[in-house]
Amino acid sequence: MKHFLALMAPVLFISPLFAACSAQVDYYDYVSEYRSGVYIFSEDGEELKIYCSQRETPYSSDGIKGEMNSTVEVFYRPEGSPDSVEISIGDLGGEMSYQSVTQNFYMCFTADDFDASSVEVRVTADGSEKTITAMNVREEGVIDGRQALRCVTEYDGARFEKLTEGARFSGEIYIRLLYDEGCFYYVGVCDREGNTHSYLLNGTDGRVLAEKD
């Protein structure tokens with residue numbers, strides 16, 4: 001408890017100054033990546049993950065928000081070692097590429113978040129076809145990206161104040177929904193020199209659990 005209060009003390013000290021600044025700036029306008037959806041299937045060594053995001057294209061950590069596009073990334077790790085894998089999600093899909101470093105198959109295409117409790121994925125590996133169901137990890141009570149960002153600005157207002165001049169923010173912000181036996185959020189603040197300060201948040205109450213440069 002003493003450690004928690006010690007962390008909060010600087011936030012309480014700068015809060016009046018930051019309140020005046022935040023009234024002029026909507027920091028969510030500077031989000032250049034927001035992973036809003038995560039769908040997962042895992043069974044007997046077979047794993048499929050779907051990440052739904054809105055992010056700048058081309059992607060560049062330069063502190064400047066670019067043109068945004070909606071993307072879906074699919075990562076698939078089969079039980080065996082097929083030479084080729086194709087997937088189909090409704091009218092979307094195609095042949096996946098193999099990534100030797102992570103030892104899984106990958107595909108990325110333009111689409112909005114499915115915003116459903118589950119997603120049916122048809123997988124064809126070396127001609128053998130089956131359908132698997134990837135479940136949405138976001139459950140009731142999990143905050144959204146805008147709320148996660150608000151928690152960070154309240155926690156570390158001094159950092160945002162330093163990058164803010166008038167109604168302008170000199171940086172870009174990344175927000176990613178994560179899942180590891182529960183939902184979390186990664187929030188990264190990147191300045192114009194490409195330096196990023198990162199925060200890990202609890203996905204339900206927005207508490208900052210860790211931070212690093």
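**Figure 1. Phe114, a partly exposed aromatic residue, and its ring partner Tyr39.** With a relative accessibility of 24%, Phe114 counts as partly exposed (buried means under 20% relative accessible area, exposed over 50%, partly exposed in between; 1.4 Å probe, protein chains only). Tyr39, at 0% relative accessibility, counts as buried. The model is predicted: local features need pLDDT of at least 70 and side-chain atom pairs pLDDT 80 or more, whereas totals for chains, interfaces and linings use all residues. Residues are numbered from 1 along each chain as its sequence is written, and side-chain values use heavy atoms, leaving out hydrogens and water. A search of the whole structure finds eleven aromatic pairs (rings of Phe, Tyr and Trp, the last by its six-membered ring, with centres within 6.5 Å; planes under 30 degrees apart are stacked, over 60 edge-to-face, the rest tilted). The ring centres of Tyr39 and Phe114 lie 6.0 Å apart with planes at 75°, so this pair is edge-to-face. Because Tyr39 belongs to strand E1 (residues 31–43) and Phe114 to the loop between strand E7 (104–110) and strand E8 (118–125), the pair ties together parts 75 residues apart in sequence. Helices (H or I, at least four residues) and strands (E, at least two) are DSSP runs, numbered from the N terminus.

**Figure 2. The ring pair of Phe75 and Tyr106.** The centres of these rings are 5.0 Å apart and the planes stand at 55°, so the pair is tilted. Phe75 lies in strand E3 (residues 68–77) and Tyr106 in strand E7, so parts 31 residues apart in sequence are tied together. Both Phe75 and Tyr106 are buried.

**Figure 3. An aromatic cluster and two charges over rings.** Tyr27, Tyr30, Phe160 and Phe169 are linked into a cluster by ring pairs. Arg35 lies over the face of Tyr51, 4.0 Å from the ring centre. Over the ring of Tyr28 sits the charged end of Arg146, at 4.1 Å from the centre. A charge sits over a ring if NZ of Lys or CZ of Arg is within 6 Å of the ring centre and within 35 degrees of the ring normal.

Figure 4. Thr124 counts as buried at 19% relative accessibility. Leaving aside residues up to four places away in sequence, Thr124 touches Ser84, Val85, Glu86 and Glu129 (contact means heavy atoms within 4.5 Å).
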